[in-house]
Amino acid sequence: MPPERARPSEPQPHQHRQVAESFGVDAERYDRTRPPYPDALVNRIVAAGLGPNVLDVGCGTGIAARQFQAAGCTVLGVEPDARMAEFARRSGIEVEVATFEAWDPAGRDFDAVIAGTAWHWVDPVAGPAKAARVLRPGGRFAAFWHAFQPPPAVADAFAAVYQRVMPDSPFNLQPTRQALDIYQAMFSKAADAIRDAGGFSDPEQWRFDWEQPYTRHAWLDQLPTTGALTRLPPDKLTEVLEGVGTAIDAVGGSFTMRYATVAVTATRTSAADPA
């Protein structure tokens with residue numbers, strides 16, 4: 001999944017609802033191939049939280065939710081895609097189908113609000129304000145993402161394939177920049193929105209570095225779950241997969257992906273609704 005970012009002249013990710021709600025086209029593949037989050041991140045959020053009741057915004061198939069359940073939490077998911085929500089329910093997660101902005105908390109509040117690789121799909125004004133409303137004083141908000149960085153030769157080859165097959169994609173691949181640099185703008189925007197919402201401590205960033213090897217098959221299995229590809233016509237998707245597969249073959253049939261999983265996190269400081 002090469003780094004992606006919206007072009008400056010294009011709507012921001014939360015305005016691409018058709019992409020945000022397209023991941024359920026193959027929920028089983030999504031759950032099987034998307035990497036989990038570092039245990040150190042989950043444990044740190046749990047240890048820094050107020051208690052065990054967690055709201056998972058954009059829970060998808062329940063990847064993060066299951067990790068928090070395993071760490072002793074009670075998790076409620078909110079997910080706009082009914083197909084993803086149904087998959088999560090089958091794995092033991094309670095899920096309510098709605099966008100976070102439209103979701104009705106019905107008077108409930110939580111010790112933590114989390115969002116794994118999903119907060120960029122939430123309105124940057126309405127989202128933090130709602131998170132503040134449903135968090136108990138002292139509760140923790142944490143949005144976190146994986147920043148992917150393939151080896152340079154692989155990253156350049158991947159980007160060339162994307163740009164050839166989908167030159168007009170609203171997600172502009174940046175092969176010459178480090179993934180973390182690209183994602184940093186998103187992290188900073190999320191932190192600024194938390195500050196603007198009011199009622200939170202000053203946001204922090206927590207970073208966890210790790211690696212994962214991929215064979216050609218494993219990477220091509222995961223690739224169709226990315227936002228840039230979920231709505232591609234079958235012939236275009238085939239062209240992308242063939243091109244990426246050729247690039248992996250050229251480096252010996254496998255590669256090691258470096259990941260930086262970064263959380264933007266803050267604590268609810270007061271019971272009053274934010275201004």
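A residue is counted as buried when its relative accessible area is under 20%, as exposed when that area is over 50%, and as partly exposed in between. In the predicted model described here, this scheme places Asp221 among the buried residues, because its relative accessibility is 15%. Across the chain as a whole, which has 275 residues, 53% count as buried. The accessible surface of the chain comes to about 11600 Å², and carbon and sulfur atoms account for 51% of that surface.

The secondary structure of the chain consists of 10 helices and 7 strands.

Salt bridges were examined next, and the structure holds 15 of them. Asp221 takes part in one, formed with Arg32, in which the closest N and O atoms are 2.7 Å apart. Since Arg32 belongs to helix H2 (residues 27-33) and Asp221 to helix H9 (residues 216-222), this pair ties together parts that are 189 residues apart in sequence. The two partners fall into separate classes of accessibility, for Arg32 is partly exposed, with a relative accessible area of 44%, whereas Asp221, at 15%, is buried.

A further salt bridge joins Asp26 to Arg29, with 3.1 Å between the closest N and O atoms. Asp26 has a relative accessibility of 29% and therefore counts as partly exposed, and Arg29, with a relative accessible area of 22%, is likewise partly exposed. These pairs belong to a network of salt bridges in which Asp26, Glu28, Arg29, Arg32 and Asp221 are linked.

Elsewhere in the chain, Asp202 forms a salt bridge with Arg195, and here the closest N and O atoms are 2.8 Å apart. Asp202 is exposed, its relative accessible area being 54%, while Arg195, at 41% relative accessibility, is counted as partly exposed.

Rolling a probe the size of a water molecule over the atoms shows where empty space is left. A search of the whole structure finds 2 cavities of 30 Å³ or more, and the second largest cavity contains about 30 Å³ of space. The lining of the second largest cavity is made up of Ile45, Val46, Gly49, Gly51, Val54, Phe68 and Ala112.

Ala106 is exposed, because its relative accessible area is 58%. Thr117 also has a positive phi, near 50 degrees, although Thr117 is a residue other than glycine. The position of Thr117 is in the loop between E4 and helix H6 (126-134), and its relative accessibility of 22% means that Thr117 counts as partly exposed.

Definitions and conventions: Residues are numbered from 1 along each chain as its sequence is written. This is a predicted model: local features need pLDDT of at least 70, side-chain atom pairs count only at pLDDT 80 or more; totals for chains, interfaces and linings use all residues. Side-chain values use heavy atoms; hydrogens and water are left out. A salt bridge is a side-chain nitrogen of Lys or Arg within 4 Å of a carboxyl oxygen of Asp or Glu. Buried means under 20% relative accessible area, exposed over 50%, partly exposed in between (1.4 Å probe, protein chains only). Helices (H or I, at least four residues) and strands (E, at least two) are DSSP runs, numbered from the N terminus. On a 1 Å grid over the protein atoms alone, a cavity is a set of points where a 1.4 Å probe fits but cannot get out, and a pocket is an open set with protein on both sides within 12 Å along at least five of seven lines; lining residues have an atom within 4 Å of a point. Grid points are joined across faces, edges and corners, and a volume is the space filled by probe spheres set on the points. Accessible areas come from the Shrake-Rupley method with a 1.4 Å probe; for residues, only the protein chains shown count as cover.
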